[in-house]
Amino acid sequence: MKGVVFVGDRKLELRDFPDPTPGPRDVVIEIKASGMCGSDLHVYRAPFKPGDASSGFKRGADPVIAGHEPCGVVVAVGTGVTPKEASQRVMNHHYTGCGSCKHCRSGWAQMCLEGSIVFGANGNGAHARYMKVPVETLVPLPDALSFETGAAISCGTGTAYGALKRLNLQGGETIAIFGQGPVGLSATQLAAAMGARVIALDVSPERARLAHEFGANEVIEARSNNPVEAIRELTHGEGAHKTLDTSGASEARAAAVRAARTWGTACYVGERGQVTLDVSPDLLRRQITLVGSWTFSTQGQADCAEFVADHNVAVDKLFTHRWRLEQAEEAYRLFDTQTTGKGVILPS
């Protein structure tokens with residue numbers, strides 16, 4: 001089979017891989033949809049460094065298949081897997097660990113005390129026809145949801161849901177969401193479905209316009225406005241009850257804290273980067289709670305899928321571009337501009 005490999009410096013290759021066969025506690029998924037995630041761009045843009053997982057390689061020079069938003073159908077199972085898993089529509093929790101530490105046992109394999117494998121980074125991912133994974137990483141896909149929706153929930157949309165749960169967002173509250181890429185748009189959709197008032201912010205006019213379509217009550221183009229002042233003007237001078245930064249930009253992270261009202265909560269999900277805060281006025285003297293949220297557990301992924309199905313959240317609207325596997329180079333070149341909605345690769 002062919003698989004996409006990031007080779008660094010904004011380049012990728014389609015390489016040949018053997019079709020996977022399951023070990024005793026493994027399954028093979030035929031990938032029906034493999035989402036393109038903003039965190040892929042960290043790897044896609046990275047300088048080429050042989051032996052570094054960030055350049056698409058592990059253990060010296062073994063290529064790693066990209067893609068960490070897998071969704072498809074189980075087509076083969078190992079000898080230690082119950083037959084009921086066969087032919088199941090599934091998502092994949094894109095991490096695996098030791099399986100026995102307290103984090104693995106609670107569904108948080110990404111926090112494994114022995115170290116984790118992240119599919120698509122240092123373990124083979126889903127930008128290919130087939131993917132082999134441990135059976136415990138499977139998360140059922142509700143019949144009401146498309147494979148594309150399942151792919152989005154497998155990282156971007158699931159990450160947004162996890163952050164809103166960390167924030168304990170309540171209906172009637174105002175939330176300001178910084179960044180309207182795929183994760184931010186998902187957060188806008190989900191927060192609106194939870195009954196919150198959503199203020200969406202982005203530096204891209206195109207993405208700001210998309211936010212209206214996804215349920216934002218107010219949209220602020222952050223490049224042409226002072227975000228903190230604009231949010232306060234919309235909230236009687238107080239600020240938002242909750243704020244969420246999905247961008248990872250240092251200016252947005254600082255503004256997310258400063259735009260929260262007294263006793264409010266700010267949450268970061270955007271990976272990497274740094275932020276500078278003045279602790280007393282920004283945090284202490286306003287009793288601000290600042291939390292980080294890193295994706296989700298296996299149960300959190302299942303809960304997100306059920307919420308999307310029960311509330312008819314149109315997650316498929318995130319996808320503005322659909323690509324065949326052989327179009328991966330063109331797909332990532334466009335996605336790298338960060339002006340579009342979400343892209344998805346359809347390998348089979």
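Biologist: Does Cys71 count as buried or exposed?

Modeller: Buried means under 20% relative accessible area, exposed over 50%, partly exposed in between (1.4 Å probe, protein chains only). Cys71 has 0% relative accessibility, so it counts as buried. A caution on the source: this is a predicted model, where local features need pLDDT of at least 70, side-chain atom pairs count only at pLDDT 80 or more, and totals for chains, interfaces and linings use all residues. Residues are numbered from 1 along each chain as its sequence is written, and side-chain values use heavy atoms, with hydrogens and water left out.

Biologist: How many disulfides does the structure hold?

Modeller: A disulfide is a pair of cysteine sulfur atoms within 2.5 Å. The structure holds zero. For Cys71, the closest cysteine sulfur is in Cys304, 12 Å away, so too far for a bond. Cys37 is buried too, at 6%. Its sulfur lies 3.8 Å from that of Cys155, also too far.

Biologist: Which residues have the most contacts inside the largest nonpolar core?

Modeller: In soluble globular proteins, nonpolar side chains tend to be buried together. A nonpolar core is a set of buried Ala, Val, Leu, Ile, Met, Phe, Trp, Tyr and Cys residues joined through side-chain atoms within 4.5 Å. Here the largest has 45 residues, with Leu164, Ile175, Leu190, Ala191, Leu244 and Val308 making the most contacts inside it.

Biologist: What does Ile175 touch?

Modeller: Contact means heavy atoms within 4.5 Å. Not counting residues up to four places away in sequence, Ile175 touches residues including Leu164, Ala191, Val198 and Leu244.
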